Structure formats: structure tokens, C-alpha cells
Amino acid sequence: MYRLIFTDRALKSLKVIPRKDAAKIIEQLEELAASPLTKSNVKCLKNHPLAIFRLRVGDYRILFNKYTEIEIVEVIDLGHRKDIYE
């Protein structure tokens, strides 16, 4: 099981998201932390300045980095798919 770490930016973004969607996002992040190698809806990003991976949860995207040697998933940012990559 990996440890989840949230940046301040990610926590701020999570507070703005509707509660129902935020609950789904948290649930998916917990599943990601439990088994990060087998999680579907994870894609490696190309040329993104902050994150290496993204997780798709409905219309929302979670940008994160995964550190296998220390077993940490760092959530960089999250938001609606139309706004998150800007």
C-alpha cells in the first residue's frame, strides 16, 4: 500500500469540487494507493511540467507522481478535464 500525499494546490482544488464527485475521487485515489500498478484509467503524460501521470475519474482528472522506491503517490492537482491541463 502506497501513502497518499496531497499538495496544497490539490487540497484547495478538492474543496471546490462538488461533494459527490469529491467522494468518488477520494475512493479512486484510495484504490490507486492500494494497487498503483494495476489501476486502470491511469495514463503517462507527455510534456506536462508538474506531473508524470493522470488518473481519470468521470469528468475529472487527477495529476500525480508515483515514487515506487519509497511507496508514495503525490497528488499534484485535480480538476475538471477542460481546465486541468492549462
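Reader: Hi! Before we start, what is a polar contact?
Author: Hello! A polar contact is a pair of N or O atoms within 3.5 Å; within protein, one must be able to donate a hydrogen and the other to accept it. Please also keep in mind that this is a predicted model.

Reader: Thanks! Which backbone nitrogen does the side chain of His48 reach at 3.2 Å?
Author: That is the backbone nitrogen of Leu50. A polar atom of the His48 side chain also lies 3.3 Å from the backbone nitrogen of Ala51.

Reader: And where is His48?
Author: You'll find His48 in the loop between β2 (42-44) and β3. Setting aside residues up to four places away in sequence, His48 touches Leu63 and Tyr85.

Reader: Let's switch to Arg54. Is Arg54 buried or exposed?
Author: Arg54 is buried, yet has no salt bridge. Asp59 has the nearest side chain of opposite charge, and that is 12 Å away. Arg54 itself sits in strand β3.

Reader: So what does the side chain of Arg54 reach at 3.1 Å?
Author: The backbone oxygen of Asn41. If we skip residues up to four places away in sequence, Arg54 has several residues that it touches, among them Asn41, Val42, Leu63 and Tyr85.

Reader: New topic: how many residues are in the largest nonpolar core?
Author: There are 18 residues in that core, and Ile25, Leu29, Leu55, Ile62 and Leu78 have the most contacts inside it. Two or more residues come from each of α1 (8-16), α2 (19-34), β3 (53-57), β4 (60-67) and β5 (72-80). The largest share, five residues, is from α2.

Reader: Which residues is Leu55 in contact with, leaving aside neighbours within four places in sequence?
Author: Its contacts include Gln28, Leu29 and Leu32, along with Lys39, Tyr60, Ile62 and Phe64. There is also a second, separate core of five residues, including Leu45, Ala51, Leu63 and Ile76.

Reader: Last one, α1. Which residues of α1 are buried?
Author: Ala10, Ser13 and Leu14 are the buried residues of α1. They are on the same side of α1 because they cover an arc of only 100 degrees around the axis.

Reader: What do the buried residues of α1 pack against?
Author: They pack against β1 (3-6), α2 and β5.

Reader: And which exposed residues are on the face turned away from the buried side of α1?
Author: That face carries Asp8, Lys12, Lys15 and Val16.

Note on methods:
Residues are numbered from 1 along each chain as its sequence is written. This is a predicted model: local features need pLDDT of at least 70, side-chain atom pairs count only at pLDDT 80 or more; totals for chains, interfaces and linings use all residues. Side-chain values use heavy atoms; hydrogens and water are left out. A nonpolar core is a set of buried Ala, Val, Leu, Ile, Met, Phe, Trp, Tyr and Cys residues joined through side-chain atoms within 4.5 Å. Buried means under 20% relative accessible area, exposed over 50%, partly exposed in between (1.4 Å probe, protein chains only). Helices (H or I, at least four residues) and strands (E, at least two) are DSSP runs, numbered from the N terminus. Contact means heavy atoms within 4.5 Å. The arc is that of the directions from the helix axis to the C-beta atoms. Lys and Arg count as positive and Asp and Glu as negative; His and the chain ends are not counted. A salt bridge is a side-chain nitrogen of Lys or Arg within 4 Å of a carboxyl oxygen of Asp or Glu.
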